[in-house]
Amino acid sequence: MNFEEILGHHLLDHTYFPLFSIGRFTLAVSKHSVTLWVVAVLLVLALSAAARGRSGAGRLWRTAVEAMVLYVRNYIVAPVFGHDTEAFLPYFLTLFFFILGCNLWGLLPGSSAVTGNVSVTAALALSTFVLINLAGIRKFGLPAHFKHLVPGGMPWIWWLSPLLIPLLYVIELIGLCAKCVALCIRLFANIFSGHIVSLAFLCMIFVFAQFGRGVALLGVAPVAVGLALFVAALDLLVALIQAYIFTLLTAVFVGMAVHPH
């Protein structure tokens, strides 16, 4: 198996069977869609076990989960939403644990990194885009929400301009979309690049094996495996940081729609 095949097995999606097609769009059961379902089920089981943990290892697991829940609540959601914290908290806890679970699943040997699939991160970013607009419309109503897209405090004479206000709306709408695209690309690029670096170090063993097994096993393998383990350890930290960053930025963007001033 060469580097391209290893990369394709670990990072690329593979279709198992199609469900239905509409035009050129085909909805299919694929390796990554199954992985997403598996991660979701495991999260439900793991978090339910944490909620019921009363003694021993269960109590330790519950304490660890509670620490993460309180951190998301007190340091991400509450500073942005204030009195509306409890209304938004379930979404942000779901978002944080789902991204963290997908990131950690991708580090398991033989698994697939679903957050290294741009379609998955695009779906997460699209959810953020929908939440931004739904939260703003729920808070202020449809006309006021879109009025708040344009910064306040402008001279009243500007509102009489036939070109300036439409131009500002176009710029702000592009900026809103750009925020969500940045969320998508940031998560995808960080997870994808980390796995490529780890696999590249391991593939050095197969590359140098062409010059002799002794060179590969005794000279290159210890260094390559050591570097791959070091990058894998960094990936554990990256998995947690990227879940935190995606959740934090989503909270900030939604908070800007709920509290435009």
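## The hairpin

In this predicted model, strands β1 and β2 form a hairpin with two residues between them, and Gly23 takes a positive phi near 65° there. The strands cover residues 15-22 (β1) and residues 25-30 (β2), and they pair in the antiparallel sense over six bridges. One of the bridge pairs joins Ser21 to Thr26 of β2.

## The nonpolar cores

The largest nonpolar core holds 34 residues, and the members that touch the most others are Val77, Phe81, Phe88, Phe92 and Val254. At least two residues of this core come from each of α3 (56-81), α4 (85-105), α5 (118-140), α7 (164-208) and α8 (213-258). The most, nine residues, come from α4.

Leaving out residues up to four places away in sequence, Val77 touches Val72, Gly82, Thr85, Phe88, Leu89 and Phe92. Another core lies apart from the largest one; it has five residues, including Val39, Leu43, Cys102 and Val114. In soluble globular proteins, nonpolar side chains tend to be buried together.

## The cavity

A search of the whole structure gives one cavity of 30 Å³ or more. The volume of the largest cavity is about 50 Å³. Its lining consists of Asn103, Leu107, Asn190, Ile191, Gly194, His195, Asp235, Val238 and Ala239.

Two elements, α7 and α8, each give two or more residues to this lining. The largest share, four residues, is from α7. Sorted by class, the lining has four nonpolar, four polar and one charged residues.

Note on methods: Residues numbered from 1 in each chain as written. Predicted model: local features only at pLDDT ≥ 70, side-chain atom pairs only at ≥ 80, totals over all residues. Heavy atoms only, no water. Core = buried A, V, L, I, M, F, W, Y, C linked by side-chain atoms within 4.5 Å. Buried < 20%, exposed > 50% of the residue type's maximum accessible area, 1.4 Å probe, protein only. Contact = heavy atoms within 4.5 Å. Pairing = 2+ DSSP bridges. 1 Å grid on protein atoms, 1.4 Å probe; cavity = no way out; pocket = protein on both sides within 12 Å on 5 of 7 lines; lining within 4 Å. Points joined across faces, edges and corners; volume = space filled by probe spheres on them. Nonpolar A, V, L, I, M, F, W, Y, C, P; charged D, E, K, R; others polar.
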